[in-house]
Amino acid sequence: MLWTIIVTIVGGAIIGVIGKAVAPGDRTKFPFWLTVLCGIVGMLLGSFLYWGIAGNDNGRFDGHAATWDNATNGIDWMRHLWQVVVAAVAVIVAAALTGRRKA
């Protein structure tokens, strides 16, 4: 459980920074804690969206069935792409809600 929380926070920071970088416009005035939060949203929601659309029909591998957080035997590049896109959308929404604009 503790490892899941650590991976979610660290992964959320990485996905959030990438999502912030690919989001259109100037997002440099954005607080880092909100970037991490957007990354966590991107990780979780992106994984569930990928699983619902493309990942749930994968067969068994490594002795277990595919799950929403482990859909392939290896690195889920498409799932990570979904996570970055969802994080970028979360950054745009959070910037609009917090009123942070280009100076």
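I note here that the model is predicted.

**Entry 1. Overall make-up.** I looked up the secondary structure and found 3 helices and 0 strands. Along the sequence the pattern reads α-α-α. I then checked burial, and 36% of the 103 residues of the chain count as buried. The chain exposes about 6,400 Å², and 70% of that comes from carbon and sulfur atoms.

**Entry 2. Record against model.** I looked up the UniProt entry, which is unreviewed; it places "transmembrane region" at residues 6-23, 30-53 and 80-99. I checked two of these spans in the model. Residues 6-23 are 94% helix and 0% strand, and the end C-alpha atoms of that span lie 25 Å apart. Residues 30-53 are 92% helix and 0% strand, with end C-alpha atoms 31 Å apart.

**Entry 3. Helix 1 and its surface.** Helix 1 covers residues 2-22. I searched for nonpolar surface and found a patch formed by Leu2, Trp3, Ile6, Val7, Val10, Ile14, Ile18 and Val22. Together these residues have about 780 Å² of accessible area.

Entry 4. I went on to Pro31, which lies in the loop between helix 1 and helix 2. Is Pro31 buried or exposed? Its relative accessibility is 18%, and buried means under 20%, so Pro31 counts as buried. I also took a distance from this residue: the C-alpha atoms of Pro31 and Ala95 are separated by 9.9 Å, although the two are 64 residues apart along the chain. Ala95 is itself among the buried residues of helix 3.

**Entry 5. Thr35 in helix 2.** Helix 2 runs over residues 32-55 and contains Thr35. Thr35 has 1% relative accessibility and therefore counts as buried. Which residues does Thr35 touch, not counting those up to four places away in sequence? I found Gly12, Gly16, Val17, Lys20 and Phe30.

**Entry 6. Helix 3.** I tested the length of helix 3, which takes in residues 77-98. At 1.5 Å a residue, its 22 residues should span 32 Å; the end C-alpha atoms are 31 Å apart, so the length agrees. I listed the buried residues of this helix: Arg79, Gln83, Val84, Val86, Ala87, Ala88, Ala90, Val91, Ala94 and Ala95.

Leu81 is also found in helix 3. At 47% relative accessibility, Leu81 counts as partly exposed, because exposed means over 50%. How far apart in space are Leu81 and Ser47, C-alpha to C-alpha? I read 9.6 Å, for a pair 34 residues apart in sequence.

Terms used. Residues are numbered from 1 along each chain as its sequence is written. This is a predicted model: local features need pLDDT of at least 70, side-chain atom pairs count only at pLDDT 80 or more; totals for chains, interfaces and linings use all residues. Side-chain values use heavy atoms; hydrogens and water are left out. Helices (H or I, at least four residues) and strands (E, at least two) are DSSP runs, numbered from the N terminus. Buried means under 20% relative accessible area, exposed over 50%, partly exposed in between (1.4 Å probe, protein chains only). Accessible areas come from the Shrake-Rupley method with a 1.4 Å probe; for residues, only the protein chains shown count as cover. UniProt positions are given in the numbering used here, feature names are shortened, and annotations may be inferred rather than shown by experiment. Contact means heavy atoms within 4.5 Å. Patches are made of residues with over 30% relative accessible area and no salt bridge: like charges are joined within 9 Å, nonpolar side chains (Val, Leu, Ile, Met, Phe, Trp, Tyr) within 5 Å. A salt bridge is a side-chain nitrogen of Lys or Arg within 4 Å of a carboxyl oxygen of Asp or Glu. The expected span of a helix is 1.5 Å times one less than its number of residues.
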